[in-house]
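Welcome! Here is a short tour of one structure, meant for someone meeting it here.

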Amino acid sequence: MAYLQLANIKKEYNISRTETQSVLRDISAGFKQGELVALLGESGSGKSTLINILGGLDTNYTGSIILNGEFLKDFTERQMDDYRKKRVGMIFQSYNLISNMSVLDNVKIAMKMSGIDEKIQTDRAIKLLKVVKMEHAAGKMPNQLSGGQKQRVAIARALANNPEIILADEPTGALDKESAELVMLILKKIAESGKLVIVITHSQKVADSCSRIVSIADGIIAQDVKVSSVKSKTLRRRPVRAGSISTKNTMALAWNNLWRSRQRSILVSIAMAIGIAAVISYSPYLRASPTM
Ligand code: ADP
Ligand code: MG
């Protein structure tokens with residue numbers, strides 16, 4: 001049983017009083033803890049719509065989300081609030097740090113809202129900043145950080161209440177290559193620690209660094225593959241060019257063909273000999289008489 005199961009999720013937006021736009025037409029998928037899943041799709045394919053539904057920010061959809069056997073739709077307001085605050089951690093492309101709060105306070109804020117003791121908040125926030133290699137910047141303000149550093153602080157904040165699921169909407173979308181790689185490496189480690197991490201991306205390269213790629217197109221899941229099998233499939237499909245066969249292999253192929261055709265001619269000769277012998281032995285005209 002999947003840890004997080006989506007069953008027939010559908011979502012439409014009202015674009016006018018009479019018109020609706022169907023963005024998610026039928027999304028069903030199961031996710032396990034420890035997976036680093038890429039939700040890959042073109043801009044406008046409905047990725048953010050789906051992540052907002054998964055994060056409990058949008059409850060206006062049809063279909064079911066089942067978390068560890070519990071239907072989200074059966075949650076009371078209070079349970080939903082708990083789900084948003086403690087069970088999922090969200091990361092956004094634009095970091096969403098509070099600009100007039102220090103790095104440390106930005107990480108503590110999520111715990112503050114959950115009513116955790118102040119001393120525990122500080123200790124835990126420092127530990128999390130160490131995880132994302134940002135402990136040196138605990139007293140800095142967000143505007144003193146680079147994009148990559150801001151995103152690492154946002155990851156620490158998302159982990160503050162030890163959520164079961166991390167949802168990241170284009171977390172590397174505004175980052176340079178190096179910062180993006182570091183952010184993906186941190187997300188990979190978080191998944192390896194046993195959490196389910198879902199990363200939204202429109203970049204095939206980012207998707208390739210995940211353990212599974214779920215592609216969304218036209219409001220449905222167009223493809224759902226493990227990254228290793230994506231690679232082996234690509235290898236299997238790659239056409240073999242004539243020039244890529246080595247001389248050794250060419251010689252082996254030629255010898256094989258020759259041997260097979262030799263075997264074929266030997267068999268034909270034997271069959272012919274048996275046939276001729278049979279004809280001679282049974283023909284009264286051709287059989288040589290010992291008395292002659
Ligand atoms: P993605 O994240 O894949 O780029 P979105 O989920 O943001 O895609 O959007 C999918 C489609 O839904 C787009 O056509 C977008 O214009 C539309 N959409 C998104 N949010 C709203 C909204 N609040 N109201 C109406 N249409 C929306
Ligand atoms: Mg989006």
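In which loop is the place of Asn68? Asn68 sits in the loop between β4 (62–67) and β5 (70–71); helices (H or I, at least four residues) and strands (E, at least two) are DSSP runs, numbered from the N terminus.

## About the model

This is a predicted model, where local features need pLDDT of at least 70, side-chain atom pairs count only at pLDDT 80 or more, and totals for chains, interfaces and linings use all residues. Residues are numbered from 1 along each chain as its sequence is written, and side-chain values use heavy atoms, leaving out hydrogens and water.

Most residues other than glycine have a negative phi. Asn68, not a glycine, has a positive phi of about 50°. Glu170 also has a positive phi, near 50°, and lies in the loop between β7 (165–169) and α6 (177–192).

Asn68 is partly exposed, with a relative accessible area of 48%, whereas Glu170 counts as buried at 10%. Buried means under 20% relative accessible area, exposed over 50%, and partly exposed in between (1.4 Å probe, protein chains only).

## Helix α4

The buried residues of α4 are Gln121, Ala125, Leu128 and Leu129. Seen down the helix axis, they fall within an arc of 100°, so they line one face of α4; the arc is that of the directions from the helix axis to the C-beta atoms. These buried residues pack against α3 (103–113) and α5 (147–159), with contact meaning heavy atoms within 4.5 Å. On the face turned away from the buried side are the exposed residues Lys119 and Lys127.

Just after α4, Lys133 takes a positive phi of about 60°.

Key:
Chains are lettered from A and ligands numbered from 1 in the order in which they are written.
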